[in-house]
Amino acid sequence: MSSTTAHSVVEPGRYLRFFAGAVVVVYALVTMIPLVWIFITGFKTPQDSISYPPKVIFEPSLEGYVNLFTTRTRQTPDYMATLPPPETWYDELVRSRQMVIAGPSKFGERFMNSIIIGFGSTFLSVFLGTLAAYAFSRFRIPLADDLLFFILSTRMMPPIAVAIPIFLMYRTVGLSDTHLGMIILYTTVNVSLAVWLLKGFVDEIPREYEEAALIDGYTRFQAFVKVVLPQMATGIAATAIFCLIFAWNEYAFALLLTSGTAQTAPPFIPTIIGEGGLDWPAIGAGVTLFLLPVLVFTILLRKHLLRGITFGAVRK
Amino acid sequence: MAEIRVDSLKKSFGDFTAVKDSNFTVENGEFFVMLGPSGCGKTTTLRMIAGLEMPSSGKILLDGDDVTFNRASHRDIAFVFQLFALYPHMNVRRNIGFPLICQGIGRTEIRRRVEETARLLRIDHILDKPVSGLAGGDRQRVALGRAIVRRPKAFLMDEPLGTLDTEFRDLMVRELRELHNNIGATTVYVTHDQIEAMAMADKIAVMNHGVIEQFGPPQEIYDRPATMYVADFIGSPPMNFLAFRASLPKGGSNIDIGNASIEIPELREEVEESDLMLGVRPEHIRLDDTSAFRGKVIGTEYLGTTQIVTISTDHGQLKARFAADIPVREGETVGLSFAGERLSVFDRGSGRALHSALHDTHAETGG
Ligand SMILES: Nc1ncnc2c1ncn2[C@@H]1O[C@H](COP(=O)(O)OP(=O)(O)OP(=O)(O)O)[C@@H](O)[C@H]1O
Ligand SMILES: [Mg+2]
């Protein structure tokens with residue numbers, strides 16, 4: 001490997017670089033606008049959220065968040081007058097709209113479902129994917145290439161095409177609208193991605209690592225755990241993020257296969273209805289909260305993503 | 001400590017045979033070097049001895065026990081890999097101690113042995129450093145440490161110094177041999193560098209295309225090459241070859257090349273009329289004005305105490321090693337004579353050395 005060839009590419013000029021930078025910044029802003037809009041909508045009042053022309057400057061309110069987490073009923077002023085004074089700020093906020101809180105909404109539950117199903121299927125996909133990728137990379141498997149291609153085929157069909165058969169199958173075996181059913185489904189789709197991504201990472205790890213451990217008296221499994229897994233950390237982190245993003249955002253299967261106990265947040269959020277139409281601030285609040293876990297997860301794993309895998313191990 | 005015996009070992013990858021019928025014995029405590037060019041099957045042989053590769057046929061015996069089908073982990077052999085150095089996710093101390101952990105050895109004992117090993121290799125000052133920043137030599141010492149710390153029956157080393165620069169390599173060659181003298185463990189060392197091999201080996205096996213061409217102590221391999229390949233591979237500059245055609249009787253000790261009569265060690269076999277090669281080491285050539293064998297000096301290279309003189313003759317080019325103070329001029333025609341009792345004669349077709357008085361003092365070895 002020579003370092004001289006890397007510089008043979010002509011360095012872009014100053015203006016070109018400036019232009020390239022500007023394009024990137026503009027593109028980033030354009031893609032950020034919907035997110036920013038959702039974020040600020042979460043802090044508007046229902047009237048502000050649908051006012052025209054749209055309000056960029058407004059008085060922030062937590063009404064969206066309160067509406068997101070509660071169900072409310074409208075009451076007559078006479079009834080309102082008989083109530084004791086409000087105990088909390090959100091009681092007060094709701095009453096100012098001539099309503100009282102009837103109970104918690106389903107959002108918390110749906111959010112938990114997303115967490116359970118998202119992280120559960122991510123864990124399973126990465127777990128199975130790691131073992132399969134190791135096997136594909138290290139052992140002589142008959143028809144390995146065909147198998148790898150076959151595994152990938154689960155990714156090729158659109159959910160809509162298989163949703164009905166899966167729905168019928170799930171109903172028969174009692175998996176419809178269950179956490180387990182959704183975890184299995186998302187794992188099935190994600191494991192192909194996991195195998196392919198992780199195989200690339202295992203291929204990069206010199207076999208000599210495990211062979212050295214084998215010669216030192218370790219079993220194949222011990223060598224895998226103590227030597228290969230630590231080297232795979234980067235790949236596992238990257239794969240986990242991809243799997244989580246898919247499972248977290250998945251909409252079509254969730255819409256068709258879940259309705260109650262196992263419903264995830266994506267099909268739930270658009271159904272948040274206020275009086276006289278969709279409750280945009282509550283939806284904005286829901287989407288904002290929905291974005292957080294993936295964001296936090298990615299930030300937590302960032303250190304692994306950026307670290308080189310076999311740095312300093314092998315001189316090529 | 002152990003004796004390693006390799007018996008008709010063969011390894012094929014599909015149609016390609018990487019190792020063809022290898023036979024050799026590494027005696028207890030011996031430093032055995034497998035020498036050969038890239039791709040000749042050195043690593044493959046070593047991997048079979050270690051148990052990382054199953055032979056296609058043949059046997060491997062450790063101390064007389066057949067271990068051919070034993071797992072690598074059950075052979076108690078340490079391996080220093082060609083490219084692999086160290087685990088990047090562990091520091092030096094943990095790298096060296098890693099082989100001990102699975103043996104159920106206590107923490108304090110591990111610590112003691114790691115430190116003892118580090119002292120032996122003079123790396124005790126870097127024990128707690130990460131391995132990523134280590135210099136090549138230290139890295140190789142740590143890799144050796146990993147092997148030594150276990151006190152295995154035998155060491156297998158696959159070009160452990162291949163990635164070091166020359167200066168460092170010379171130092172490590174001396175250190176390795178010293179280390180071997182101290183711990184006396186049976187070692188199989190693989191290299192493509194003949195100088196390394198000559199400097200360290202008790203015995204050398206010269207390999208080419210999966211075949212062991214010769215097996216013996218360095219001196220014997222140098223003085224009595226079994227094949228033209230070995231003669232050419234060993235020595236710098238390598239052995240000179242002069243082509244001639246003759247039929248030679250058993251007991252003959254003279255050959256004619258051109259109009260010169262050259263004395264050779266007495267032949268112990270008869271040769272029918274065939275193409276032959278006279279093999280002459282550069283240091284066995286003398287200037288001799290009375291000789292009928294003549295050539296023209298076409299180049300000289302001074303090496304301090306000696307000089308390498310290239311001489312063009314009617315029968316091929318020669319490189320001769322003379323003392324540096326012998327005056328030789330380029331373009332000059334010189335007479336040459338050879339140290340008759342040190343010459344080899346090869347059959348050009350098979351490359352095999354003819355049996356002669358040269359081999360009398362030594363029993364036939366090799367494979
Ligand atoms: N797993 C394998 N599958 C197919 N061919 C192989 C395999 N391992 C080695 N070979 C071939 O066997 C031959 C001998 O390889 P080997 O690694 O033993 O050579 P070597 O003497 O160690 O060479 P080097 O000095 O380059 O390390 C080479 O031609 C190589 O391409
Ligand atoms: Mg090799």
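Modeller: One term to begin with: buried area is the accessible area (1.4 Å probe) that two parts lose on being put together, summed over both. Domain 1 of chain A and domain 2 of chain A bury about 920 Å² between them, with 65% of it on carbon and sulfur atoms. This is a predicted model, where local features need pLDDT of at least 70, side-chain atom pairs count only at pLDDT 80 or more, and totals for chains, interfaces and linings use all residues. Residues are numbered from 1 along each chain as its sequence is written, chains are lettered from A and ligands numbered from 1 in the order in which they are written, and side-chain values use heavy atoms, with hydrogens and water left out.

Colleague: Which residues of domain 1 of chain A lose the most area to domain 2 of chain A?

Modeller: Gly64(A), Tyr65(A) and Leu68(A), which together make up 44% of what the domain 1 side buries.

Colleague: And where are the domains of chain A?

Modeller: Domain 1 is 46-105 and domain 2 is 108-306, with bounds from an automatic or database domain assignment. Their centres, taken over C-alpha atoms, are 38 Å apart. Each domain puts eleven residues into the contact, meaning heavy atoms within 4.5 Å.

Colleague: How many salt bridges between domain 1 and domain 2 of chain A?

Modeller: Zero by the rule, which asks for a side-chain nitrogen of Lys or Arg within 4 Å of a carboxyl oxygen of Asp or Glu.

Colleague: Switching to chain B. How many residues of chain A are in contact with chain B?

Modeller: 19 residues of chain A, against 27 residues of chain B. The area buried between the two chains is about 2,200 Å², and carbon and sulfur atoms give 60% of that.

Colleague: How many salt bridges across that one?

Modeller: Three between chain A and chain B. One of the pairs is Glu211(A) with Arg47(B), whose closest N and O atoms are 2.7 Å apart.

Colleague: Which elements of chain A give two or more residues to the side touching chain B?

Modeller: Helix H10 (208-215) and helix H11 (220-249) of chain A. Helices here are DSSP runs (H or I, at least four residues), and strands are E runs of at least two, numbered from the N terminus. H10(A) gives the most, with seven residues.

Colleague: Last one: what is the helix content over residues 115-135 of chain A?

Modeller: That stretch is 100% helix and 0% strand, and its end C-alpha atoms are 30 Å apart.
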